[in-house]
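Have the structure open as you read.

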Amino acid sequence: MSADFDAIVVGAGFGGLGAALHLAEEGARVMLVERLQYPGGCACTFEHEGDWFEGGATLFSGFEEGQLFRSWIERHSMDVEFEHLDPPLELRTPHMVLEARRDRQALRDQFEALPGAPVKNLRRFFALQERVAAALWPTLEDTTLLPPLTMRRALRHSLRLPRYWPLARWAGRPLWAILERYELTEFEPLVTWLDSQCQITVQCGAREAEAPIALAALDYHHRGAVHVKGGIGQLAWGMVRALEGLGGVVSFGAPVKRARREPGEGWVVKAGKEEHTSRHVIFNALPQDAARIAGLEDAASLRKMAARVEDGWSAAMLFRTVRPPAGAGASARHVELVRDTERPFLEGNHVFLSIGAEGEGVQDPKLRRMTVSTHISVPKLRTLDDAGQREYVETVQDQMRETIAQLAPEWTSIAREFTGSARTFRRWTGRSEGLVGGIPRRAGLSHYQEVLGRRWPAGFHLVGDSVFPGQSTLAVAAGGRRVAESVLAAR
Ligand SMILES: Cc1cc2nc3c(=O)[nH]c(=O)nc-3n(C[C@H](O)[C@H](O)[C@H](O)COP(=O)(O)OP(=O)(O)OC[C@H]3O[C@@H](n4cnc5c(N)ncnc54)[C@H](O)[C@@H]3O)c2cc1C
(Lines give C-alpha, C1' and ligand atoms only; values in the text may rest on other atoms or scores of the structure.)
Protein backbone atom coordinates (compact mmCIF):
# COMPACT_ATOMS: atom_id res chain seq x y z
CA MET A 1 0.00 0.00 0.00
CA SER A 2 1.30 3.46 -0.78
CA ALA A 3 -0.03 5.49 2.15
CA ASP A 4 -1.54 8.94 1.59
CA PHE A 5 0.44 10.32 4.54
CA ASP A 6 3.46 9.54 6.67
CA ALA A 7 1.36 10.41 9.73
CA ILE A 8 -2.23 11.29 10.53
CA VAL A 9 -2.63 13.25 13.76
CA VAL A 10 -6.05 12.83 15.37
CA GLY A 11 -6.87 15.95 17.36
CA ALA A 12 -5.66 19.56 17.21
CA GLY A 13 -5.05 20.09 20.93
CA PHE A 14 -1.57 21.36 21.70
CA GLY A 15 -0.27 17.78 21.87
CA GLY A 16 -1.47 17.11 18.32
CA LEU A 17 -0.43 20.55 17.06
CA GLY A 18 3.11 20.10 18.42
CA ALA A 19 3.45 16.68 16.81
CA ALA A 20 1.98 17.73 13.45
CA LEU A 21 4.00 20.93 13.14
CA HIS A 22 7.30 19.27 13.95
CA LEU A 23 6.63 16.46 11.47
CA ALA A 24 5.84 18.97 8.73
CA GLU A 25 8.94 21.00 9.58
CA GLU A 26 10.99 17.88 8.98
CA GLY A 27 9.40 17.27 5.58
CA ALA A 28 6.92 14.53 6.53
CA ARG A 29 3.53 14.30 4.78
CA VAL A 30 1.08 15.07 7.58
CA MET A 31 -2.66 15.27 7.99
CA LEU A 32 -4.20 16.82 11.10
CA VAL A 33 -7.87 16.04 11.74
CA GLU A 34 -9.98 17.72 14.40
CA ARG A 35 -13.58 16.99 15.40
CA LEU A 36 -14.32 20.65 16.21
CA GLN A 37 -14.25 23.62 13.86
CA TYR A 38 -11.26 25.17 15.66
CA PRO A 39 -7.97 24.07 17.25
CA GLY A 40 -6.69 24.14 20.85
CA GLY A 41 -8.83 21.59 22.73
CA CYS A 42 -8.66 22.46 26.46
CA ALA A 43 -6.47 25.42 25.51
CA CYS A 44 -8.77 27.06 22.97
CA THR A 45 -10.50 30.42 22.53
CA PHE A 46 -14.16 29.95 21.63
CA GLU A 47 -17.03 32.25 20.69
CA HIS A 48 -20.26 32.47 22.68
CA GLU A 49 -23.00 34.92 21.69
CA GLY A 50 -20.49 37.27 20.12
CA ASP A 51 -17.88 37.28 22.90
CA TRP A 52 -14.69 35.17 22.92
CA PHE A 53 -13.63 33.15 25.96
CA GLU A 54 -10.65 31.04 27.01
CA GLY A 55 -11.92 27.45 27.17
CA GLY A 56 -9.69 26.25 30.02
CA ALA A 57 -5.99 27.13 29.99
CA THR A 58 -5.15 30.82 30.46
CA LEU A 59 -1.54 31.16 31.68
CA PHE A 60 1.33 29.90 29.56
CA SER A 61 5.03 29.01 29.64
CA GLY A 62 7.50 28.40 26.82
CA PHE A 63 7.65 31.95 25.44
CA GLU A 64 11.17 32.91 26.50
CA GLU A 65 13.98 33.28 23.97
CA GLY A 66 14.83 29.82 22.61
CA GLN A 67 11.85 28.12 24.25
CA LEU A 68 9.43 25.97 22.29
CA PHE A 69 6.47 28.28 21.56
CA ARG A 70 8.69 31.31 21.04
CA SER A 71 10.82 29.36 18.52
CA TRP A 72 7.75 28.27 16.56
CA ILE A 73 6.28 31.79 16.59
CA GLU A 74 9.53 33.28 15.27
CA ARG A 75 10.35 30.54 12.77
CA HIS A 76 6.92 30.75 11.13
CA SER A 77 6.35 34.50 11.61
CA MET A 78 3.09 33.74 13.42
CA ASP A 79 0.76 36.61 14.14
CA VAL A 80 0.90 35.93 17.89
CA GLU A 81 1.60 38.54 20.52
CA PHE A 82 2.06 37.86 24.20
CA GLU A 83 2.58 39.80 27.36
CA HIS A 84 4.77 38.81 30.31
CA LEU A 85 2.82 39.10 33.52
CA ASP A 86 4.46 40.00 36.80
CA PRO A 87 3.08 38.76 39.05
CA PRO A 88 1.60 36.11 36.81
CA LEU A 89 -0.59 35.03 39.70
CA GLU A 90 -1.95 36.25 43.00
CA LEU A 91 -3.09 33.82 45.70
CA ARG A 92 -5.81 35.00 48.07
CA THR A 93 -7.09 33.24 51.18
CA PRO A 94 -9.00 34.75 54.11
CA HIS A 95 -5.62 35.05 55.88
CA MET A 96 -3.15 36.20 53.24
CA VAL A 97 -2.47 37.60 49.80
CA LEU A 98 0.63 36.33 48.07
CA GLU A 99 2.05 37.53 44.77
CA ALA A 100 3.73 34.79 42.76
CA ARG A 101 6.39 37.14 41.45
CA ARG A 102 8.64 36.22 38.58
CA ASP A 103 11.69 37.07 40.67
CA ARG A 104 12.35 34.10 43.00
CA GLN A 105 13.58 36.26 45.82
CA ALA A 106 10.49 38.48 45.67
CA LEU A 107 8.31 35.41 46.32
CA ARG A 108 10.59 34.09 49.07
CA ASP A 109 10.74 37.52 50.76
CA GLN A 110 6.97 37.44 51.20
CA PHE A 111 7.17 34.15 53.13
CA GLU A 112 10.16 35.26 55.16
CA ALA A 113 8.38 38.47 56.19
CA LEU A 114 5.45 36.56 57.71
CA PRO A 115 5.24 36.33 61.51
CA GLY A 116 7.06 33.27 62.88
CA ALA A 117 8.55 32.37 59.49
CA PRO A 118 11.21 29.61 59.83
CA VAL A 119 13.57 31.57 57.58
CA LYS A 120 16.53 29.18 57.58
CA ASN A 121 14.42 26.16 56.68
CA LEU A 122 12.45 28.09 54.08
CA ARG A 123 15.73 28.97 52.39
CA ARG A 124 16.82 25.33 52.38
CA PHE A 125 13.48 24.27 50.92
CA PHE A 126 13.54 26.86 48.15
CA ALA A 127 17.19 26.08 47.34
CA LEU A 128 16.23 22.45 46.79
CA GLN A 129 13.18 23.46 44.77
CA GLU A 130 15.33 25.60 42.49
CA ARG A 131 17.91 22.83 41.99
CA VAL A 132 15.27 20.26 41.06
CA ALA A 133 13.54 22.68 38.68
CA ALA A 134 16.89 23.48 37.04
CA ALA A 135 17.41 19.76 36.41
CA LEU A 136 13.96 19.03 34.96
CA TRP A 137 12.89 22.16 33.04
CA PRO A 138 15.51 21.76 30.30
CA THR A 139 13.65 18.64 29.17
CA LEU A 140 10.74 20.89 28.16
CA GLU A 141 13.06 23.29 26.39
CA ASP A 142 15.26 20.69 24.71
CA THR A 143 13.05 17.80 23.67
CA THR A 144 16.09 15.74 22.68
CA LEU A 145 16.44 15.13 26.42
CA LEU A 146 12.98 13.59 26.67
CA PRO A 147 12.45 9.81 26.74
CA PRO A 148 12.53 7.20 25.28
CA LEU A 149 16.11 6.78 26.34
CA THR A 150 18.07 6.08 23.17
CA MET A 151 21.86 5.60 23.37
CA ARG A 152 22.46 9.21 22.30
CA ARG A 153 20.02 10.57 24.87
CA ALA A 154 21.45 8.35 27.58
CA LEU A 155 24.88 9.81 26.85
CA ARG A 156 23.57 13.38 27.10
CA HIS A 157 21.86 12.54 30.36
CA SER A 158 25.00 10.92 31.73
CA LEU A 159 26.77 14.28 31.35
CA ARG A 160 24.02 15.86 33.44
CA LEU A 161 24.06 13.21 36.18
CA PRO A 162 25.26 15.47 39.03
CA ARG A 163 22.22 17.69 38.47
CA TYR A 164 19.89 14.73 38.90
CA TRP A 165 21.16 13.84 42.39
CA PRO A 166 18.33 15.59 44.31
CA LEU A 167 15.82 13.88 42.01
CA ALA A 168 17.19 10.45 42.84
CA ARG A 169 16.91 11.19 46.56
CA TRP A 170 13.25 12.31 46.43
CA ALA A 171 11.83 10.35 43.47
CA GLY A 172 8.80 8.28 44.42
CA ARG A 173 8.20 10.28 47.63
CA PRO A 174 5.59 12.93 48.38
CA LEU A 175 6.41 16.61 48.58
CA TRP A 176 5.19 16.40 52.17
CA ALA A 177 8.27 14.29 53.04
CA ILE A 178 10.46 17.24 52.08
CA LEU A 179 8.38 19.57 54.24
CA GLU A 180 8.83 17.12 57.11
CA ARG A 181 12.56 16.96 56.48
CA TYR A 182 12.81 20.77 56.71
CA GLU A 183 10.29 21.01 59.57
CA LEU A 184 7.92 23.15 57.50
CA THR A 185 4.67 21.20 57.86
CA GLU A 186 3.40 23.61 60.54
CA PHE A 187 4.13 26.75 58.52
CA GLU A 188 0.61 27.24 57.16
CA PRO A 189 1.29 29.92 54.52
CA LEU A 190 3.83 27.71 52.74
CA VAL A 191 1.59 24.64 53.00
CA THR A 192 -1.34 26.61 51.53
CA TRP A 193 0.87 27.92 48.74
CA LEU A 194 2.15 24.45 47.89
CA ASP A 195 -1.29 22.85 48.06
CA SER A 196 -2.73 25.45 45.71
CA GLN A 197 0.14 25.24 43.21
CA CYS A 198 0.31 21.45 43.28
CA GLN A 199 -3.44 21.16 42.71
CA ILE A 200 -3.32 23.27 39.53
CA THR A 201 -0.12 21.74 38.15
CA VAL A 202 0.32 18.12 39.27
CA GLN A 203 -3.39 17.72 40.13
CA CYS A 204 -3.13 16.73 43.79
CA GLY A 205 -2.14 18.37 47.08
CA ALA A 206 1.33 18.60 48.67
CA ARG A 207 0.70 15.60 50.93
CA GLU A 208 0.36 13.36 47.88
CA ALA A 209 2.34 15.06 45.09
CA GLU A 210 5.35 13.29 43.56
CA ALA A 211 8.16 15.43 44.95
CA PRO A 212 10.52 16.08 41.99
CA ILE A 213 7.67 16.70 39.52
CA ALA A 214 5.93 19.05 41.98
CA LEU A 215 9.15 20.94 42.75
CA ALA A 216 9.78 21.46 39.06
CA ALA A 217 6.19 22.56 38.40
CA LEU A 218 6.49 25.17 41.16
CA ASP A 219 8.96 27.01 38.97
CA TYR A 220 6.54 28.09 36.27
CA HIS A 221 6.04 31.64 37.61
CA HIS A 222 9.79 32.17 37.51
CA ARG A 223 10.16 31.04 33.91
CA GLY A 224 8.21 33.70 32.12
CA ALA A 225 4.48 32.98 32.41
CA VAL A 226 2.60 34.91 29.72
CA HIS A 227 -0.83 35.99 28.60
CA VAL A 228 -1.40 35.43 24.88
CA LYS A 229 -3.04 38.55 23.49
CA GLY A 230 -6.48 37.84 22.11
CA GLY A 231 -6.38 34.36 23.65
CA ILE A 232 -4.47 31.10 23.33
CA GLY A 233 -6.53 30.37 20.21
CA GLN A 234 -4.22 32.82 18.41
CA LEU A 235 -1.31 30.47 18.97
CA ALA A 236 -3.33 27.38 18.08
CA TRP A 237 -4.40 28.98 14.78
CA GLY A 238 -0.83 30.21 14.21
CA MET A 239 0.39 26.62 14.46
CA VAL A 240 -2.37 25.39 12.11
CA ARG A 241 -1.43 28.00 9.49
CA ALA A 242 2.28 27.21 9.85
CA LEU A 243 1.46 23.54 9.30
CA GLU A 244 -0.58 24.34 6.18
CA GLY A 245 2.22 26.61 4.95
CA LEU A 246 4.53 23.59 5.09
CA GLY A 247 2.12 21.51 2.98
CA GLY A 248 0.29 19.78 5.85
CA VAL A 249 -3.39 18.96 5.30
CA VAL A 250 -5.78 20.13 8.03
CA SER A 251 -9.38 19.05 8.31
CA PHE A 252 -11.79 20.53 10.87
CA GLY A 253 -15.21 19.14 11.73
CA ALA A 254 -13.82 15.66 11.06
CA PRO A 255 -14.25 13.33 14.05
CA VAL A 256 -12.29 10.10 13.82
CA LYS A 257 -14.53 7.26 14.95
CA ARG A 258 -12.45 4.38 13.68
CA ALA A 259 -8.85 3.67 12.76
CA ARG A 260 -7.72 0.20 11.80
CA ARG A 261 -4.39 -1.31 11.12
CA GLU A 262 -3.92 -3.27 7.91
CA PRO A 263 -1.22 -5.81 8.83
CA GLY A 264 2.10 -5.04 7.16
CA GLU A 265 0.71 -1.96 5.45
CA GLY A 266 -0.30 0.87 7.75
CA TRP A 267 -3.39 2.56 9.14
CA VAL A 268 -6.73 3.36 7.58
CA VAL A 269 -8.30 6.31 9.37
CA LYS A 270 -11.94 7.28 8.90
CA ALA A 271 -12.20 11.02 9.53
CA GLY A 272 -15.73 12.34 9.06
CA LYS A 273 -16.93 10.68 5.86
CA GLU A 274 -13.49 10.21 4.31
CA GLU A 275 -10.90 7.46 4.64
CA HIS A 276 -7.20 8.16 4.55
CA THR A 277 -4.19 5.90 4.80
CA SER A 278 -1.06 6.52 6.77
CA ARG A 279 2.01 4.72 8.07
CA HIS A 280 1.59 6.25 11.52
CA VAL A 281 -1.38 7.48 13.49
CA ILE A 282 -0.88 9.84 16.42
CA PHE A 283 -3.82 10.11 18.81
CA ASN A 284 -4.21 13.36 20.74
CA ALA A 285 -6.68 11.69 23.05
CA LEU A 286 -7.02 9.90 26.36
CA PRO A 287 -5.63 6.35 26.29
CA GLN A 288 -9.13 4.86 26.71
CA ASP A 289 -10.49 6.93 23.79
CA ALA A 290 -7.53 6.15 21.52
CA ALA A 291 -7.86 2.44 22.41
CA ARG A 292 -11.57 2.44 21.52
CA ILE A 293 -11.03 4.20 18.19
CA ALA A 294 -8.09 2.01 17.22
CA GLY A 295 -9.71 -1.25 18.38
CA LEU A 296 -6.97 -1.74 20.97
CA GLU A 297 -9.15 -2.13 24.07
CA ASP A 298 -7.19 -5.25 24.98
CA ALA A 299 -3.76 -3.60 24.90
CA ALA A 300 -2.50 -3.94 28.49
CA SER A 301 -0.35 -0.79 28.43
CA LEU A 302 -3.32 1.36 27.31
CA ARG A 303 -5.62 -0.21 29.89
CA LYS A 304 -3.09 0.53 32.65
CA MET A 305 -2.74 4.16 31.58
CA ALA A 306 -6.51 4.55 31.28
CA ALA A 307 -6.98 3.34 34.86
CA ARG A 308 -4.61 6.07 36.10
CA VAL A 309 -6.43 8.77 34.13
CA GLU A 310 -9.82 7.57 35.43
CA ASP A 311 -8.70 8.33 38.96
CA GLY A 312 -8.51 12.04 38.07
CA TRP A 313 -10.55 15.17 37.62
CA SER A 314 -12.87 17.15 35.51
CA ALA A 315 -13.54 20.86 35.88
CA ALA A 316 -16.55 23.00 36.69
CA MET A 317 -16.43 26.31 34.86
CA LEU A 318 -17.95 29.78 35.03
CA PHE A 319 -17.58 31.98 31.98
CA ARG A 320 -18.45 35.61 32.65
CA THR A 321 -18.28 39.09 31.32
CA VAL A 322 -17.92 41.60 34.15
CA ARG A 323 -17.69 45.33 34.75
CA PRO A 324 -14.15 45.88 36.06
CA PRO A 325 -13.49 47.76 39.30
CA ALA A 326 -11.94 51.24 39.14
CA GLY A 327 -8.15 51.05 38.71
CA ALA A 328 -8.24 47.46 37.46
CA GLY A 329 -5.44 48.10 34.97
CA ALA A 330 -5.44 47.07 31.33
CA SER A 331 -3.52 43.78 31.56
CA ALA A 332 -4.87 40.27 31.99
CA ARG A 333 -4.86 38.98 35.56
CA HIS A 334 -4.93 35.64 37.30
CA VAL A 335 -6.18 35.27 40.84
CA GLU A 336 -6.29 31.98 42.72
CA LEU A 337 -8.73 31.86 45.62
CA VAL A 338 -8.93 29.44 48.56
CA ARG A 339 -11.89 30.07 50.84
CA ASP A 340 -11.11 27.52 53.57
CA THR A 341 -7.51 26.30 53.75
CA GLU A 342 -8.58 23.39 56.00
CA ARG A 343 -10.84 21.88 53.31
CA PRO A 344 -9.69 20.13 50.11
CA PHE A 345 -8.59 22.54 47.38
CA LEU A 346 -11.43 21.45 45.11
CA GLU A 347 -15.10 21.78 44.31
CA GLY A 348 -15.42 25.55 44.47
CA ASN A 349 -13.45 25.95 47.70
CA HIS A 350 -10.44 26.61 45.45
CA VAL A 351 -10.94 28.49 42.17
CA PHE A 352 -8.68 29.80 39.44
CA LEU A 353 -10.00 33.07 38.11
CA SER A 354 -8.55 34.48 34.89
CA ILE A 355 -9.54 37.94 33.73
CA GLY A 356 -8.93 38.97 30.14
CA ALA A 357 -7.08 42.14 29.15
CA GLU A 358 -9.00 45.37 28.56
CA GLY A 359 -11.19 45.21 25.45
CA GLU A 360 -10.14 41.63 24.69
CA GLY A 361 -12.71 39.32 23.10
CA VAL A 362 -15.72 41.37 24.23
CA GLN A 363 -18.28 43.22 22.13
CA ASP A 364 -18.70 45.87 24.82
CA PRO A 365 -15.23 47.34 25.44
CA LYS A 366 -16.25 48.38 28.95
CA LEU A 367 -16.52 44.73 29.99
CA ARG A 368 -13.83 42.16 30.76
CA ARG A 369 -14.12 38.46 30.03
CA MET A 370 -13.46 35.91 32.73
CA THR A 371 -12.80 32.15 32.82
CA VAL A 372 -13.13 30.53 36.24
CA SER A 373 -12.38 26.87 36.98
CA THR A 374 -12.33 24.41 39.87
CA HIS A 375 -11.66 20.68 40.15
CA ILE A 376 -14.56 18.23 40.34
CA SER A 377 -14.19 14.54 41.09
CA VAL A 378 -14.91 12.12 38.24
CA PRO A 379 -14.91 9.07 40.57
CA LYS A 380 -17.63 10.88 42.54
CA LEU A 381 -19.63 11.76 39.39
CA ARG A 382 -19.45 8.10 38.38
CA THR A 383 -21.42 7.08 41.48
CA LEU A 384 -24.29 9.49 40.70
CA ASP A 385 -27.26 9.29 38.35
CA ASP A 386 -28.03 12.19 35.96
CA ALA A 387 -29.98 14.19 38.52
CA GLY A 388 -27.31 13.59 41.18
CA GLN A 389 -24.57 14.72 38.81
CA ARG A 390 -26.48 17.88 37.96
CA GLU A 391 -26.98 18.64 41.64
CA TYR A 392 -23.29 18.03 42.45
CA VAL A 393 -22.10 20.30 39.64
CA GLU A 394 -24.61 23.06 40.49
CA THR A 395 -23.58 22.94 44.15
CA VAL A 396 -19.93 23.29 43.14
CA GLN A 397 -20.75 26.20 40.83
CA ASP A 398 -22.58 27.92 43.69
CA GLN A 399 -19.50 27.38 45.85
CA MET A 400 -17.37 28.99 43.14
CA ARG A 401 -19.66 32.05 43.09
CA GLU A 402 -19.49 32.28 46.86
CA THR A 403 -15.69 32.02 46.93
CA ILE A 404 -15.37 34.79 44.35
CA ALA A 405 -17.87 36.94 46.26
CA GLN A 406 -15.85 36.56 49.46
CA LEU A 407 -12.30 36.83 48.17
CA ALA A 408 -12.53 38.85 44.95
CA PRO A 409 -15.67 40.97 45.51
CA GLU A 410 -14.37 43.74 43.24
CA TRP A 411 -14.82 41.40 40.25
CA THR A 412 -18.47 40.48 40.86
CA SER A 413 -20.33 43.07 38.82
CA ILE A 414 -21.52 40.45 36.35
CA ALA A 415 -22.93 41.37 32.92
CA ARG A 416 -23.53 37.75 31.92
CA GLU A 417 -22.53 34.25 32.93
CA PHE A 418 -22.74 30.76 31.50
CA THR A 419 -21.34 27.54 32.91
CA GLY A 420 -19.44 24.39 31.96
CA SER A 421 -18.83 21.02 33.57
CA ALA A 422 -17.58 17.49 32.94
CA ARG A 423 -20.37 17.00 30.42
CA THR A 424 -19.24 20.11 28.54
CA PHE A 425 -15.64 18.88 28.36
CA ARG A 426 -16.83 15.45 27.18
CA ARG A 427 -18.92 16.93 24.37
CA TRP A 428 -16.33 19.57 23.57
CA THR A 429 -13.04 17.66 23.50
CA GLY A 430 -14.36 14.10 23.17
CA ARG A 431 -12.63 13.12 26.42
CA SER A 432 -14.36 10.18 28.15
CA GLU A 433 -16.30 11.36 31.20
CA GLY A 434 -14.92 14.89 30.65
CA LEU A 435 -11.62 13.83 32.26
CA VAL A 436 -9.16 16.75 32.04
CA GLY A 437 -5.82 17.52 33.62
CA GLY A 438 -4.06 14.24 32.85
CA ILE A 439 -2.77 11.76 35.38
CA PRO A 440 -2.63 13.11 38.94
CA ARG A 441 1.07 12.98 39.81
CA ARG A 442 0.71 11.26 43.17
CA ALA A 443 3.93 10.00 44.77
CA GLY A 444 5.27 6.87 43.13
CA LEU A 445 7.90 5.70 40.69
CA SER A 446 5.35 4.75 38.01
CA HIS A 447 5.58 8.30 36.57
CA TYR A 448 9.12 7.59 35.41
CA GLN A 449 8.35 4.33 33.60
CA GLU A 450 8.06 6.15 30.31
CA VAL A 451 11.72 7.10 30.56
CA LEU A 452 12.36 3.62 29.22
CA GLY A 453 9.77 4.05 26.47
CA ARG A 454 6.54 2.15 25.86
CA ARG A 455 5.78 -0.60 23.45
CA TRP A 456 2.79 0.29 21.29
CA PRO A 457 1.40 -1.56 18.27
CA ALA A 458 3.36 -0.61 15.15
CA GLY A 459 2.56 2.89 13.91
CA PHE A 460 0.36 3.76 16.92
CA HIS A 461 1.31 6.80 19.04
CA LEU A 462 -0.23 8.80 21.84
CA VAL A 463 0.26 12.49 22.69
CA GLY A 464 -1.40 14.77 25.22
CA ASP A 465 -1.62 15.30 28.93
CA SER A 466 -1.86 11.65 29.92
CA VAL A 467 1.58 10.80 28.50
CA PHE A 468 5.05 12.00 29.47
CA PRO A 469 5.95 14.76 30.30
CA GLY A 470 2.33 15.36 31.34
CA GLN A 471 -0.09 18.23 31.77
CA SER A 472 0.12 21.90 30.69
CA THR A 473 0.04 23.44 27.27
CA LEU A 474 3.83 23.56 27.04
CA ALA A 475 4.30 19.99 28.32
CA VAL A 476 1.86 18.48 25.81
CA ALA A 477 3.39 20.45 22.92
CA ALA A 478 6.89 19.33 23.96
CA GLY A 479 5.59 15.77 24.28
CA GLY A 480 4.02 16.05 20.81
CA ARG A 481 7.33 17.17 19.36
CA ARG A 482 9.09 14.25 21.03
CA VAL A 483 6.59 11.75 19.56
CA ALA A 484 7.09 13.36 16.14
CA GLU A 485 10.81 12.71 16.49
CA SER A 486 10.23 9.04 17.15
CA VAL A 487 7.93 8.84 14.11
CA LEU A 488 10.63 10.49 12.00
CA ALA A 489 13.23 8.07 13.33
CA ALA A 490 11.00 5.17 12.21
CA ARG A 491 10.48 6.54 8.68
C1 LIG B 1 -9.84 24.29 33.32
C2 LIG B 1 -8.43 24.07 32.85
C3 LIG B 1 -7.48 25.05 33.08
C4 LIG B 1 -6.16 24.87 32.65
N5 LIG B 1 -5.25 25.87 32.82
C6 LIG B 1 -4.03 25.76 32.27
C7 LIG B 1 -3.16 26.88 32.23
O8 LIG B 1 -3.49 27.97 32.70
N9 LIG B 1 -1.95 26.73 31.62
C10 LIG B 1 -1.57 25.55 31.03
O11 LIG B 1 -0.47 25.47 30.45
N12 LIG B 1 -2.39 24.47 31.03
C13 LIG B 1 -3.60 24.56 31.63
N14 LIG B 1 -4.46 23.51 31.58
C15 LIG B 1 -3.98 22.23 31.03
C16 LIG B 1 -3.93 22.25 29.51
O17 LIG B 1 -5.03 22.92 28.98
C18 LIG B 1 -3.91 20.82 29.01
O19 LIG B 1 -2.90 20.07 29.67
C20 LIG B 1 -3.65 20.73 27.52
O21 LIG B 1 -4.28 21.78 26.81
C22 LIG B 1 -4.16 19.40 27.04
O23 LIG B 1 -3.86 19.26 25.69
P24 LIG B 1 -4.02 17.88 24.94
O25 LIG B 1 -3.34 18.03 23.65
O26 LIG B 1 -3.58 16.77 25.83
O27 LIG B 1 -5.58 17.59 24.76
P28 LIG B 1 -6.86 18.45 24.38
O29 LIG B 1 -6.65 19.86 24.70
O30 LIG B 1 -8.02 17.75 24.97
O31 LIG B 1 -6.95 18.33 22.81
C32 LIG B 1 -7.42 17.18 22.16
C33 LIG B 1 -8.03 17.60 20.84
O34 LIG B 1 -8.31 16.44 20.08
C35 LIG B 1 -9.62 16.53 19.54
N36 LIG B 1 -10.11 15.16 19.39
C37 LIG B 1 -10.27 14.25 20.39
N38 LIG B 1 -10.74 13.10 19.89
C39 LIG B 1 -10.86 13.28 18.55
C40 LIG B 1 -11.29 12.43 17.49
N41 LIG B 1 -11.69 11.18 17.71
N42 LIG B 1 -11.29 12.93 16.24
C43 LIG B 1 -10.87 14.19 15.99
N44 LIG B 1 -10.47 15.04 16.97
C45 LIG B 1 -10.45 14.58 18.23
C46 LIG B 1 -10.39 17.34 20.56
O47 LIG B 1 -11.54 17.96 20.00
C48 LIG B 1 -9.34 18.35 21.00
O49 LIG B 1 -9.33 19.50 20.19
C50 LIG B 1 -5.79 23.67 32.00
C51 LIG B 1 -6.75 22.67 31.77
C52 LIG B 1 -8.05 22.87 32.17
C53 LIG B 1 -9.07 21.81 31.89
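Predicted model: local features only at pLDDT ≥ 70, side-chain atom pairs only at ≥ 80, totals over all residues.

**The domains**

Here's how the domain assignment divides the protein:

| Domain | Residues |
|---|---|
| domain 1 | 5-83 + 229-309 + 438-489 |
| domain 2 | 108-223 |
| domain 3 | 313-434 |

Domains 1 and 3 have their C-alpha centres 26 Å apart. Where they meet, 20 residues of domain 1 are in contact with 19 residues of domain 3. On the domain 1 side, β4 (51-54) and α12 (287-294) are the elements that give two or more residues. Of these, β4 gives the most, with 4 residues. If you sort the domain 1 side of this contact by class, you get 6 nonpolar, 8 polar and 6 charged residues.

Now for the inside. In soluble globular proteins, nonpolar side chains tend to be buried together. In this model, the largest nonpolar core has 143 residues, and Ile8, Ala20, Val30, Leu175 and Ala214 have the most contacts inside it. Helix α17 turns up again here: the largest share of the core, 8 residues, comes from α17.

Which residues is Ala214 in contact with, leaving aside its neighbours within four places in sequence? They are Leu175, Cys198, Val202, Ala209 and Arg441. Leu175 is also one of the core residues with the most contacts inside the core.

**A look at Glu130**

One more stop, this time in helix α4 (residues 119-136), where you'll find Glu130. Why does Glu130 count as partly exposed? The reason is its neighbour count: Glu130 has 16 C-beta neighbours inside 10 Å, whereas a buried residue would need 20 or more and an exposed one 12 or fewer. Along the chain, Glu130 and Leu218 are 88 residues apart, yet their C-alpha atoms are separated by 8.9 Å.

Notes: Residues numbered from 1 in each chain as written. Domains from an automatic or database assignment. Contact = placed C-beta atoms within 7 Å. Nonpolar A, V, L, I, M, F, W, Y, C, P; charged D, E, K, R; others polar. Core = buried A, V, L, I, M, F, W, Y, C linked by C-beta atoms within 7 Å.
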